Amino acid sequence: MDKIILAIESSCDETAIAILKNNTELLANVVSTQISVHQKYGGVMPEIASRLHVENVGVVLKEALEQAQITMDEVSAIAVTVGPGLIGALLVGLQTAKTLALMYHKPLIPVHHLTGHIYANEYVSPLKFPCLAIVVSGGNTELVVMENHLSFKIIGETRDDAIGEAFDKVARVVGLPYPGGVSIDKLAKLGKHNYKLPRPIVDSKYDYSYSGIKTAVINLVNNLHQKGEEVIVEDLACSFQETAIDLLLDKALPAVDEFNVKQVVLAGGVSANSYLRSQIVERLKDKSVEVIIPPIWCTTDNAAMIAKVGSYLYEEKVFAPLSISANPSWKLEDFRKF
């Protein structure tokens with residue numbers, strides 16, 4: 001009998017539904033993005049995001065079922081992002097999933113958002129273990145070692161700002177549009193590393209701090225403005241990007257040897273960064289380790305990645321009661337506790 005997982009993702013500003021058959025055949029992957037709406041505010045407005053999810057989720061569901069050419073009766077289970085994320089946005093997706101599970105008598109599979117980003121790499125190649133996942137997004141900077149499927153050990157994380165958050169704030173300071181990471185990546189290609197920025201020292205081997213780099217950029221821009229000097233935005237973008245990404249990899253890659261890693265994967269929105277993608281390949285080219293970089297369509301939030309995790313959780317019968325609540329601060333290592 002075919003295993004068909006219908007997955008729902010609504011943790012931030014994308015309303016997404018995907019349908020995955022037998023963990024290999026992606027029958028549908030529909031994403032309704034809100035970026036153009038939030039751009040005028042320079043970032044995601046949570047209340048607006050929630051309202052747009054309510055408006056869009058029914059349309060996205062209908063389109064996904066049509067693309068897959070199946071009915072709800074053929075679905076084996078409903079997988080849904082339970083956290084982390086914006087509480088209002090999460091609740092829209094979760095309530096939709098609960099309703100479908102109740103109406104059609106389907107199991108409900110709770111999925112941790114970051115596990116989805118890690119498993120998005122399986123649309124390129126199967127995960128091999130031990131695996132090092134470098135999770136980088138607007139809300140997260142984590143180094144995760146996996147000894148097997150659905151086994152997540154956090155060996156390092158940010159002490160303050162996530163790397164993606166730093167990208168967004170730096171972009172805002174120099175007047176670049178949201179999302180900041182995309183804008184900085186484009187401009188950095190036109191600039192030179194002419195601004196010296198600090199590299200915060202953290203006492204833990206694999207932990208990070210990005211607030212210092214962000215604050216240094218803000219102070220640099222303010223000081224130049226006070227002196228009446230021009231900010232060369234392209235050079236600042238290049239300097240910040242290279243400093244932030246070099247720090248990320250300098251701290252992450254020693255884990256390859258320490259944990260005898262066979263595979264390194266990138267996960268999260270910042271994995272779309274072109275400098276990161278090129279540098280990780282360059283730095284590991286002489287190592288006997290496989291490097292997997294997710295396709296660009298899988299770096300932003302989508303439900304195909306949630307369906308991947310849902311497929312593995314279905315095999316282990318990890319089902320949630322209909323009384324489950326959204327958890328905006330759900331820890332990765334607690335992904336089985338809900």
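I count as a salt bridge a side-chain nitrogen of Lys or Arg within 4 Å of a carboxyl oxygen of Asp or Glu. The model I examined is predicted.

Entry 1. I looked up arginine 199 and aspartate 250, whose side chains meet in a salt bridge at 2.8 Å, N to O. I placed arginine 199 in the loop between α6 (180-188) and α7 (211-226) and aspartate 250 in helix α8 (residues 233-252), so this pair ties together parts 51 residues apart in sequence. I then noted that salt bridges with shared partners join Arg199, Asp246, Asp250 and Arg283 into one network. Arginine 199 is partly exposed at 39% relative accessible area, and aspartate 250 is partly exposed at 34%.

Entry 2. I turned to glutamate 122, which forms a salt bridge with lysine 308; their closest N and O atoms are 3.9 Å apart. Glutamate 122 lies in the loop between α4 (113-119) and β6 (131-136), and lysine 308 in helix α11 (residues 304-315), so the pair ties together parts 186 residues apart in sequence. Are the two partners buried or exposed? Glutamate 122 has 10% relative accessibility and counts as buried; lysine 308, at 5%, also counts as buried.

Entry 3. I checked lysine 21, which forms a salt bridge with aspartate 2, with the closest N and O atoms 3.6 Å apart. Lysine 21 is in strand β2 (residues 14-21) and aspartate 2 in the segment before β1 (4-9), 19 residues apart. I recorded lysine 21 as partly exposed at 22% relative accessible area and aspartate 2 as partly exposed at 40%.

Entry 4. For the whole structure I noted 19 salt bridges.

Technical notes:
Residues numbered from 1 in each chain as written. Predicted model: local features only at pLDDT ≥ 70, side-chain atom pairs only at ≥ 80, totals over all residues. Heavy atoms only, no water. Helix = DSSP H or I, 4+ residues; strand = E, 2+ residues; numbered from the N terminus. Buried < 20%, exposed > 50% of the residue type's maximum accessible area, 1.4 Å probe, protein only.
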